[in-house]
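Try each one yourself before reading the solution.

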Amino acid sequence: MSALIAAENLSVRHGEATVLGGVQFAIERGEIVTVVGPNGSGKSTLIRALIGLEAAATGAVTRAPGLVIGYVPQKLHIDAGLPMTVRRFLSLPRRVSDAQAEAALARTGVPGLGPRQLARLSGGQLQRVLVARALLANPDILILDEPTQGLDQPGTAGFYRLIEEVRAEMGVAVLMVSHDLHVVMSASDRVICLNGHVCCQGTPKVVSAAPEYRALFGLGTGGAFALYRHMHDHDHEEDEGHGHDHGAPHVAHPHEPHSHGHHHAAGCTHDHA
């Protein structure tokens, strides 16, 4: 199996309610995949199922043998009265050397934070410390659930640039759940639009033009997408061919004059379960 993690016809139920139905999904080595969807669409449930915290009602999740997952949770509840330095936190649950801890903090852009109390960090600092701790396990895949919640726009953009750099340097795959649609569209190789099932998936261009995505998020994200791409030009036009679009054809940006309806669903997998 070449995929790091794959969901095969995965369904998850909470009591009588089906939270996810018939999900087909796989993430390959080295790619950045982002899951988007409205509140209650099953995004966090999908993440929890992939890492083994939710049981499948039907279908299965398969993981590559020996797969190492670096997980960054949506929230970390820290008791302000509990003394816990960053350095001590980095050695939980597995002890790491001072050199390893400092290298991880430096890699994530927060060198020297080791002696600081965890409870006194800013939101952005805490997220980077969480990534540093996840990277200490030398993961094959980094899984992040709403990692920029509560960060301002510069902090959010900086965090996604960090993730791109980590992927480039370490070859680690990245799976993120996010609400930051305009940034997601720049930072991702592939986007999965979820609403209880996979509405559509493909390259950012394909998904942003898909009727299912437009129905969920409206047309306004396209302008932000275009603006971000202009400001942070990572030459994604050339990157389209690097193997992460899984056969999805070129689809014109929604604001390009030749983007017509017959292109929109070209790279989307439809699931009307």
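Predicted model: local features only at pLDDT ≥ 70, side-chain atom pairs only at ≥ 80, totals over all residues.

**Exercise 1.** Find out what parts of the chain the salt bridge between Arg29 and Asp140 ties together.

Solution. Start with the distance: the closest N and O atoms of Arg29 and Asp140 are 3.7 Å apart, and the cut-off for a salt bridge is within 4 Å, so the pair counts. Arg29 sits in the loop between β2 (17-27) and β3 (32-36), while Asp140 sits in the loop between α4 (123-135) and β6 (141-145), so the bridge ties together parts 111 residues apart in sequence. It's one of seven salt bridges in the structure.

**Exercise 2.** Sort Arg29 and Asp140 into buried, partly exposed or exposed.

Solution. Exposed means over 50% relative accessible area, and buried means under 20%. Arg29 comes in at 54%, so call Arg29 exposed. Asp140 has 23%, so Asp140 is partly exposed.

**Exercise 3.** Work out which helices are joined by the salt bridge of Arg87 and Asp98.

Solution. First, the contact: N to O, the two side chains meet at 2.7 Å. Then the location: Arg87 belongs to helix α2 (residues 86-90) and Asp98 to helix α3 (residues 98-107), so the pair links parts 11 residues apart in sequence. Asp98 is exposed, at 57% relative accessibility.

**Exercise 4.** Trace the salt-bridge network that includes Arg107.

Solution. Begin with Glu169 and Arg107, whose side chains meet at 3.2 Å, N to O. Glu169 lies in helix α5 (residues 153-170) and Arg107 in helix α3, so this bridge spans 62 residues of sequence.

Definitions and conventions. Residues numbered from 1 in each chain as written. Heavy atoms only, no water. Helix = DSSP H or I, 4+ residues; strand = E, 2+ residues; numbered from the N terminus. Buried < 20%, exposed > 50% of the residue type's maximum accessible area, 1.4 Å probe, protein only.
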